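Q: I would like a close look at a single part of this model. Please go through it step by step.

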Number of protein chains: 2
Amino acid sequence: MRSRTSARAQITDVAARARVSPATVSRVMNGHASVAADLVERVLSAADELGYRASPVARSLVLGRTQTIAVMVPDMANPSFQEVLRGITRAAAADGYRVLVADSQEDVTQEPGLAREARRHCDALVLCAPRMSDAELAALVPALAPVVLTHRGPTPGVPTSSADYRGGIAALLDHLAGLGHRRLVYLAGPPSSASHRRRLEGIAAHVADHPGLSVDVLPCGVGFEEGYAAGEAVRRSGATAALAFNDLVAMGLLSALHEAGVAVPEEVSVTGFDDIPFARWTTPPLTTAAVPHGDLGQEAWRRLRALLDGEEPPPDVLVHPEVQVRASTGPARAEGAA
Amino acid sequence: MRSRTSARAQITDVAARARVSPATVSRVMNGHASVAADLVERVLSAADELGYRASPVARSLVLGRTQTIAVMVPDMANPSFQEVLRGITRAAAADGYRVLVADSQEDVTQEPGLAREARRHCDALVLCAPRMSDAELAALVPALAPVVLTHRGPTPGVPTSSADYRGGIAALLDHLAGLGHRRLVYLAGPPSSASHRRRLEGIAAHVADHPGLSVDVLPCGVGFEEGYAAGEAVRRSGATAALAFNDLVAMGLLSALHEAGVAVPEEVSVTGFDDIPFARWTTPPLTTAAVPHGDLGQEAWRRLRALLDGEEPPPDVLVHPEVQVRASTGPARAEGAA
DNA sequence: CCTTCCCGTGAAATCGCTTTCTCGCAACGA
DNA sequence: TCGTTGCGAGAAAGCGATTTCACGGGAAGG
């Protein structure tokens with residue numbers, strides 16, 4: 001009943017078989033202290049024969065750490081969150097940490113609760129919370145530490161790994177302006193989105209600096225459908241170029257434009273944001289501001305690890321999106337040729 | 001040092017504050033046995049004041065279960081795995097289970113080790129292992145139980161939640177044949193892929209049943225790049241329609257064809273497989289065999305839950321992909337008009 | 001040759017909770 | 001009125017590891 005191989009071998013089984021105490025087995029298994037060579041040998045072979053592996057749960061209890069972190073995302077189906085998740089998972093795995101996923105299913109109201117809950121089961125948390133209000137976030141963060149943020153600009157007191165959305169949209173604007181576009185539309189993200197507000201700032205600043213340039217803001221959203229639905233409005237706007245909140249929206253818009261027989265980029269140029277893997281494969285391939293979400297995930301992990309190790313985390317990451325020029329943008333059509 | 005709010009409140013703190021024993025606190029918190037109403041009240045308010053929540057790790061140790069499952073996927077970036085993961089995560093969350101992700105990074109050789117490792121940290125496992133050999137799988141499964149499989153046909157002794165790839169490709173073939181296509185090409189997945197072999201079977205059976213129909217098999221792969229690279233071969237093949245291993249490959253092919261000036265579907269029809277969300281938004285929108293991966297994930301969870309509850313799991317799921325007819329397929333061009 | 005120090009090992013405490021097991025008390029029947 | 005019965009609450013025994021503490025023996029030093 002005890003040394004049966006039916007149940008998993010325990011440390012006492014190994015100890016008995018190696019004729020040593022559990023303490024010694026523990027020491028050997030963890031490479032601690034110095035144990036006589038022959039005992040090490042005995043323990044190791046006993047452990048091997050029994051297929052012994054220490055119970056992670058028991059270790060967690062006594063050690064006070066689980067070697068696990070959680071990542072909360074609003075929607076696992078969105079490639080940009082998914083890439084961050086993937087980046088974190090791989091980086092953490094390389095350091096022997098596992099990751100727990102928490103999907104808030106786009107319901108911002110239950111994100112704080114979910115985050116707290118997720119946090120209780122592990123050692124640290126990565127929060128992808130682009131929509132949570134600053135106030136709520138500030139209230140939540142202390143209860144979550146150690147924690148790092150992504151998909152949201154720098155926040156006091158919390159290591160962050162994010163992109164310069166403001167600079168990214170400005171770069172896109174430069175690109176478009178360079179092609180002769182003067183009347184643009186921006187397909188806006190959700191008003192509550194922090195990164196959307198950064199884009200708005202970037203647009204405002206750019207317009208202020210460049211007389212003769214106008215950017216209409218069209219309420220839109222974050223997905224294909226919304227981009228598709230905005231097709232009509234974009235056409236009516238008379239703009240020669242449209243900047244979508246993200247690549248998904250851009251793809252929806254591309255579809256709508258194609259169906260309506262509007263040539264891209266000859267009649268209207270379209271840009272996305274994020275440079276998800278799919279962006280390269282649209283027709284025409286999408287010009288977009290590349291945000292290396294995988295790297296952001298990796299950087300988020302570096303900061304978390306520092307926090308876990310009691311070290312000072314590296315300074316915030318703020319990657320500057322680079323414009324990936326592809327075929328969805330081109331010279332502005334002649335004025336009044338709409 | 002003890003009742004300080006610095007550290008998390010423990011069960012003894014609550015017990016002390018409510019002037020009862022830890023046993024009673026435990027009973028109240030878990031709604032066990034009958035406890036006098038006034039004690040319940042005292043315990044509840046004490047717990048509330050202290051913000052007490054039982055340590056999941058300690059509970060796991062004594063209860064012998066973690067309320068966590070793991071999901072192993074070959075690549076989190078692939079939408080079809082990602083959808084399954086998402087489906088499982090949501091379904092499991094609804095039942096109070098958390099999910100741990102294990103990403104094998106497409107390295108089949110380390111999947112067995114990774115699966116075992118992941119399994120040790122939780123109560124059960126979902127294996128998305130389309131490429132692992134049957135032999136390896138059979139050897140691995142006993143060590144992993146409870147476990148359920150997805151992305152792979154029914155396997156003896158293991159509950160499975162998968163799609164009828166064979167039937168799916170046949171349905172696509174029917175659709176194409178109905179449009180007058182006689183010379184087709186199949187852009188093959190990796191030879192080690194179980195679902196690829198099912199497709200091959202489906203093709204062979206269909207060809208045998210329909211004289212005059214020919215399907216060339218072109219080695220290809222699973223991603224955009226491979227589909228793109230196959231563009232040239234598809235054109236040279238003289239086929240009037242191409243069936244891609246999955247939607248990603250189809251998108252790559254669509255790009256290549258577009259660049260080469262080949263009209264889709266006028267000159268060549270293209271089909272995908274999976275019906276990932278992006279398929280609706282390609283240009284032209286992709287005709288594909290729809291596999292409801294989210295539902296598959298949910299069904300995988302149902303089986304796992306039954307296993308966890310010591311019940312008999314529901315019979316294997318084998319969803320029959322439905323052809324989503326969109327604009328990438330059309331009547332075959334006239335013979336010899338290539 | 002004897003004392004002291006050091007080092008390797010085992011016994012026991014601990015992590016925070018759940019769950020018997022045990023005990024005391026009130027209610028019930030004779 | 002006294003012995004059972006039943007029920008609610010606490011004491012204590014785990015769950016399976018790690019780690020402090022104490023101890024015994026061999027090497028080094030006087």
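Q: Which residues come nearest to DNA strand D?

A: The model is a predicted one. Ile11(A), Ser26(A), Ser55(A), Thr24(B) and Ser34(B) come nearest, out of 27 residues around DNA strand D. Of the atoms of DNA strand D that come within 4 Å of the protein, 72% belong to sugar and phosphate.

Several individual contacts involve phosphate oxygens. In chain B, an N or O atom in the side chain of Ser34(B) is 2.5 Å from a phosphate oxygen of DNA strand D. Tyr52(A) has a polar side-chain atom 3.2 Å from a phosphate oxygen of DNA strand D. The elements that give two or more residues to this surface are helix H2 (22-30) and helix H4 (56-63) of chain A, together with helix H2 (22-30) and helix H4 (56-63) of chain B. The most is given by H4(A), with 5 residues. By residue class, the surface near DNA strand D divides into 15 nonpolar, 8 polar and 4 charged residues.

Over all chains, the whole structure has 28 salt bridges. One of them is formed by Asp75(B) and Arg90(A), whose closest N and O atoms are 3.7 Å apart. This pair joins two chains, because Asp75(B) lies in the loop between strand E1 (68-73) and helix H5 (79-94) of chain B, while Arg90(A) lies in helix H5 (residues 79-94) of chain A. Asp75(B) counts as buried at 13% relative accessibility, and Arg90(A) is partly exposed at 22%. A network of salt bridges also links Asp75(A), Asp103(A), Arg86(B) and Arg90(B).

Within chain A, a salt bridge connects Arg305(A) and Asp95(A), with the closest N and O atoms 2.7 Å apart. Arg305(A) is in helix H13 (residues 293-308) and Asp95(A) in the loop between H5 and strand E2 (98-103), so the pair ties together parts that are 210 residues apart in sequence. Arg305(A) is partly exposed at 31% relative accessibility, and Asp95(A) is partly exposed at 32%.

Asp247(A), in helix H12 (residues 247-259) of chain A, is buried yet has no salt bridge. The nearest side chain of opposite charge is that of Arg326(A), 6.0 Å away. The side chain of Asp247(A) does have a polar atom 2.6 Å from the backbone nitrogen of Asp275(A), and a polar contact of 2.7 Å joins the side chains of Asp247(A) and Thr288(A).

Conventions: Residues numbered from 1 in each chain as written. Chains lettered and ligands numbered in written order. Predicted model: local features only at pLDDT ≥ 70, side-chain atom pairs only at ≥ 80, totals over all residues. Heavy atoms only, no water. Near = heavy atom within 4 Å. Polar contact = N/O pair within 3.5 Å; in protein donor to acceptor, adjacent residues only side chain to side chain. Helix = DSSP H or I, 4+ residues; strand = E, 2+ residues; numbered from the N terminus. Nonpolar A, V, L, I, M, F, W, Y, C, P; charged D, E, K, R; others polar. Buried < 20%, exposed > 50% of the residue type's maximum accessible area, 1.4 Å probe, protein only. Lys, Arg positive; Asp, Glu negative; His and termini not counted. Salt bridge = Lys/Arg side-chain N within 4 Å of Asp/Glu carboxyl O.
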